[in-house]
Amino acid sequence: MKILWSFWNSPIGPKTTHFWGPVFGWSIPLAAVADTQKPPEMISGKMTGMMCGYSAVFMRFAWMVQPRNLHLLVCHASNETVQLYQLYRFFKAQGHSQNQEEVEAETK
């Protein structure tokens with residue numbers, strides 16, 4: 001019980017934004033994971049790139065803020081990973097569609 005009580009009153013416990021920010025922040029990487037099942041033509045390259053930048057900035061913030069917020073760091077590192085995968089899918093689909101247009105142009 002003492003451990004639970006000390007977590008409750010800690011600077012990163014449930015009474016603070018250091019706890020609730022990352023809890024709700026997990027909705028972003030979870031939504032990105034769900035989006036990996038959608039076709040890559042639906043991916044917005046600009047938005048995915050911005051999400052990569054956003055997560056990189058907030059990973060640094062989570063590391064530098066005192067007390068250090070490792071929960072937020074892991075949340076944004078997960079988001080960065082999934083967004084980079086989505087960006088890869090986007091560029092791969094763009095390259096494939098350009099190659100397809102070149103093949104169609106050559107056959108005409």
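Student: What pattern does the protein chain follow when it is read along the sequence?

Tutor: In this predicted model, the protein chain reads α-α-α-α-α along its sequence, and the count behind that pattern is five helices and zero strands.

Student: Why is Val 57 called exposed?

Tutor: The word exposed is kept for residues with over 50% relative accessible area, and Val 57 has 52%, so Val 57 is exposed. Val 57 lies in helix 4, which covers residues 45-64, and together with Tyr 54, Phe 58 and Phe 61 it makes a nonpolar surface patch of about 350 Å².

Student: What makes Cys 52 count as buried?

Tutor: A residue is called buried when its relative accessible area is under 20%; Cys 52 has 8% relative accessibility, and therefore Cys 52 counts as buried.

Student: How do you know whether Cys 75 is buried or exposed?

Tutor: The cut-off for buried is again under 20%, and because Cys 75 has a relative accessible area of 1%, Cys 75 is buried.

Student: How many disulfides does the count come to?

Tutor: A disulfide is a covalent bond between the sulfur atoms of two cysteines. To be counted here, a pair of cysteine sulfur atoms has to lie within 2.5 Å, and by this rule the count comes to zero disulfides.

Student: What share of the protein chain counts as buried, and how much area does the chain expose?

Tutor: Of the 108 residues of the protein chain, 30% count as buried, while the chain exposes about 7800 Å², with carbon and sulfur atoms supplying 68% of that area.

Definitions and conventions:
Residues are numbered from 1 along each chain as its sequence is written. This is a predicted model: local features need pLDDT of at least 70, side-chain atom pairs count only at pLDDT 80 or more; totals for chains, interfaces and linings use all residues. Side-chain values use heavy atoms; hydrogens and water are left out. Patches are made of residues with over 30% relative accessible area and no salt bridge: like charges are joined within 9 Å, nonpolar side chains (Val, Leu, Ile, Met, Phe, Trp, Tyr) within 5 Å. Accessible areas come from the Shrake-Rupley method with a 1.4 Å probe; for residues, only the protein chains shown count as cover. A salt bridge is a side-chain nitrogen of Lys or Arg within 4 Å of a carboxyl oxygen of Asp or Glu. Helices (H or I, at least four residues) and strands (E, at least two) are DSSP runs, numbered from the N terminus. Buried means under 20% relative accessible area, exposed over 50%, partly exposed in between (1.4 Å probe, protein chains only).
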